[in-house]
Amino acid sequence: MRSLDQARTVCEQYHPGLLPALAEIPFAEREAPGSPAIDLFRKHGGAGLLVPREFGGQGADALDALRVQQAIGALSPSLAAAVCMHHFTAAMLYSLAGEHDRLTPRQRDLLGAIAPGGLVMASGWAEGRTQQNVLLPTVTARAAEGGYLLTGTKKPCSLSGSMDLLTASIAVPGRNGEPELALALIPVPSAGLTVHPFWGNTLLAAAESDEVRLADVFVPREMVVRTSPEDPHRLADLQTAGFIWFETLICAGYVGAAGALVEAVVDGGRGIPAERAALVQQAQAALALLEGAARAVQAGVRGDEAVAAVLVARFAVQDALPQIASRALELLGGLDFVSSPDHSQLAAALRALAFHPPSRAACAEPLMGYFAGCPLELA
């Protein structure tokens with residue numbers, strides 16, 4: 001299928017050999033706990049996709065990153081979901097290293113090691129709980145000499161078995177005594193940081209989405225990103241950048257998985273031409289919405305306008321994918337269903353998009369208000 005072929009070409013440009021290496025592994029093994037997929041991602045330069053060139057990365061733009069995720073998702077939705085966490089974290093953190101450098105020297109040194117060292121970053125922001133406030137930290141910090149001691153949990157936390165760095169939203173004591181949102185950069189291993197089994201579903205099991213516990217984990221003050229009187233919008237800008245990239249990239253992986261089902265229908269000549277055409281149109285429409293949002297971000301759209309654009313695309317894609325998967329399975333037929341679990345597993349994995357933050361209910365009223373002319377405020 002043309003759109004998937006284009007995505008594969010882009011992925012090959014950034015990560016030569018990654019897709020063939022993944023394709024050599026049977027689907028069930030690719031998607032199982034202990035899958036070699038994340039190691040392959042690391043070995044083929046995956047960590048540097050969104051890292052700016054000045055930091056040793058590849059500096060991919062939004063559209064290319066979307067297509068790389070699409071190509072990976074077509075082969076392994078687990079891998080696409082897992083590395084989305086690394087990519088959006090990279091885009092978020094390196095956004096602070098722009099024209100007006102907002103990083104400390106120690107933070108800059110750490111970020112300079114990510115791409116050259118193939119280091120993988122996990123994200124400890126929102127948890128997978130319905131109606132969870134996506135900005136509410138579940139990790140607290142208390143002051144200690146030279147930094148903070150962190151306590152709390154993150155579950156599920158993708159890449160928990162492979163992470164070299166954990167980024168976690170934390171509540172630190174503010175200047176007025178009230179808790180204040182901040183972001184901690186936590187090297188792995190660190191004393192007091194442990195990983196425990198949590199993920200119980202066979203779907204997306206290779207994403208390493210287990211529980212990370214922090215028990216008095218020390219983080220130096222220089223490794224905590226927070227606002228300051230000189231830069232009061234640092235955390236707000238960080239959150240906005242991360243939110244936009246996360247929504248775009250998580251959807252792209254699932255769109256790629258849906259595209260793989262559609263491609264199987266088309267390549268197998270299943271159904272009549274009109275049925276295949278209708279299925280392709282649905283899949284292309286979902287992809288076009290996502291590409292439109294990525295192009296807008298790439299063109300410089302920022303703030304509320306960018307957040308609204310990616311949320312509209314996200315929920316439209318979320319609604320379209322189950323219909324695409326259901327129709328594709330029907331056209332692939334009963335013999336395909338009984339002879340192998342691969343396509344049915346791929347179709348079932350698409351449902352997981354609905355469980356990534358934010359929830360539809362949390363966004364409905366703010367989006368309606370935004371389109372009526374009010375600021376967009378998400379909780």
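Q: What volume does the second largest cavity have?
A: A cavity is a set of points, on a 1 Å grid over the protein atoms alone, where a 1.4 Å probe fits but cannot get out, and its lining residues have an atom within 4 Å of a point. Volume is the space filled by probe spheres set on the points, which are joined across faces, edges and corners. Here the second largest cavity holds about 50 Å³. The model is predicted, so local features need pLDDT of at least 70 and side-chain atom pairs count only at pLDDT 80 or more, whereas totals for chains, interfaces and linings use all residues. Residues are numbered from 1 along each chain as its sequence is written, and side-chain values use heavy atoms, with hydrogens and water left out.

Q: Which residues line the second largest cavity?
A: Its lining consists of Phe27, Glu31, Pro77, Thr202, Leu203, Leu204, Gln345, Leu346 and Ala349. Helix H13 (342–349) gives the most to this lining, with 3 residues; helices (H or I, at least four residues) and strands (E, at least two) are DSSP runs, numbered from the N terminus. By class, the lining has 6 nonpolar, 2 polar and 1 charged residues. In this scheme Ala, Val, Leu, Ile, Met, Phe, Trp, Tyr, Cys and Pro are nonpolar, Asp, Glu, Lys and Arg are charged, and the others, Gly among them, are polar.

Q: What is the phi of leucine 204, and is this residue buried or exposed?
A: Leucine 204 has a phi near 60°, a positive value in a residue other than glycine. Its place is in the loop between strand S6 and strand S7 (210–220). Buried means under 20% relative accessible area, exposed over 50%, and partly exposed in between (1.4 Å probe, protein chains only). With a relative accessible area of 8%, leucine 204 is buried.

Q: How many cavities of 30 Å³ or more does the structure hold, and which residues lie nearest the centre of the largest cavity?
A: There are 4 cavities of 30 Å³ or more, and about 70 Å³ of space lies in the largest cavity. Of the 13 residues lining the largest cavity, Met1, Val255, Gly259, Ala283 and Leu287 lie nearest its centre. Helix H1 (2–14), H9, H10 and helix H11 (303–332) each supply at least two lining residues, and H10 gives the most, with 4. The classes in this lining are 9 nonpolar, 4 polar and no charged.

Q: What volume does the second largest pocket have?
A: A pocket, in contrast to a cavity, is an open set with protein on both sides within 12 Å along at least five of seven lines. The second largest pocket has a volume of about 620 Å³. It is lined by 23 residues, of which Ala91, Ser95, Ala241, Trp245 and Arg302 are the closest to its centre. Helix H6 (77–94), helix H9 (234–267) and helix H10 (273–298) each contribute at least two residues to the lining. The largest share, 6 residues, comes from H9. This lining divides into 13 nonpolar, 6 polar and 4 charged residues.

Q: How many salt bridges does the structure hold, and where do arginine 67 and glutamate 291 lie?
A: A salt bridge is a side-chain nitrogen of Lys or Arg within 4 Å of a carboxyl oxygen of Asp or Glu. The structure holds 14 salt bridges. In one of them, the side chains of arginine 67 and glutamate 291 meet at 3.3 Å, N to O. Arginine 67 lies in helix H5 (residues 62–75) and glutamate 291 in helix H10, so the pair ties together parts that are 224 residues apart in sequence. Both arginine 67 and glutamate 291 are buried.

Q: Which residue meets aspartate 216 in a salt bridge?
A: The partner is arginine 142, at 2.8 Å from N to O. This pair links distant parts of the chain, with arginine 142 in strand S2 (residues 139–144) and aspartate 216 in strand S7, 74 residues apart. Arginine 142 is partly exposed, with a relative accessible area of 42%, and aspartate 216 is partly exposed at 37%. Aspartate 216 also has a positive phi of about 55°, although it is not a glycine.

Q: Where are the cis peptide bonds that involve proline 189 and proline 358?
A: The bond that joins valine 188 and proline 189 is cis, with omega about 5°. Proline 189 lies in the loop between strand S5 (179–187) and strand S6 (193–196). The peptide bond from proline 357 to proline 358 is also cis, with omega near 0°, and proline 358 lies in the loop between helix H13 and helix H14 (360–371).
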